[in-house]
Amino acid sequence: MAATPLQLDDFDHRLLELLQRDADTTLTALGDAVGLSASAVQRRIMRYRKQSLLRQVAVLDPALLGNVTLVAALVTMERETAKQHAAFYARMRSAPEVQQCYALAGDWDYLVILATTSVAHYREVAERLFLDEGYVRRYDTRLIFETVKLGLQVPTRAASRRRK
């Protein structure tokens with residue numbers, strides 16, 4: 001079920017863009033950048049958090065840890081039932097190794113990005129997540145050799161059309 005989009009004004013779009021680049025930017029600097037007072041910025045940020053639009057987390061660089069094996073797994077379900085998909089969603093959401101999970105159109109039903117400590121650990125996780133319940137028909141593993149870009153920014157408004 002899709003969430004109802006929030007109504008955002010131009011100040012919101014600009015603040016959210018800046019916060020996605022650097023959540024440590026001071027309220028004063030954010031206010032100066034968008035033309036609001038620091039207290040107005042703070043009220044908006046509190047509203048974003050209350051509406052579950054914004055949450056602050058630490059993003060670690062896996063390349064600097066040395067013990068992270070990233071994996072992309074493509075998954076196809078055995079049968080297309082709402083009950084099986086709901087169970088799969090719950091399983092993906094509760095697994096700490098699952099970093100991202102996307103429902104796909106096409107030959108595969110899901111793309112799952114996992115962070116594990118080794119290939120052996122990934123095999124254990126894959127068996128637990130994809131085989132234990134018996135509703136996954138098949139999954140295909142792609143080891144991620146190198147992170148070319150790691151981004152979490154999402155657009156807050158529709159792209160404007162270019163004029164020729």
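Is valine 57 buried or exposed in this structure? Valine 57 counts as exposed because its relative accessible area is 52%, where buried means under 20%, exposed over 50% and partly exposed in between, with a 1.4 Å probe and protein chains only. This is a predicted model, in which local features need pLDDT of at least 70 and side-chain atom pairs count only at pLDDT 80 or more, while totals for chains, interfaces and linings use all residues. Residues are numbered from 1 along each chain as its sequence is written, and side-chain values use heavy atoms, with hydrogens and water left out.

Valine 57 is placed in the loop between helix 3 and strand 1, and serine 52 is found in that loop, between helix 3 (38–50) and strand 1 (69–77); helices (H or I, at least four residues) and strands (E, at least two) are DSSP runs, numbered from the N terminus. Serine 52, a residue other than glycine, has a positive phi near 65°.

| Residue | Relative accessibility |
|---|---|
| Serine 52 | 64%, exposed |
| Valine 57 | 52%, exposed |

Strand 2 (residues 98–103) and strand 3 (residues 110–116) run antiparallel and are joined by 5 bridges, and two strands pair if DSSP finds at least two bridges between them. Within this pairing, cysteine 101 stands opposite valine 112 in strand 3. The hairpin of strand 2 and strand 3 has 6 residues between the strands, and glycine 106 there takes a positive phi near 115°.
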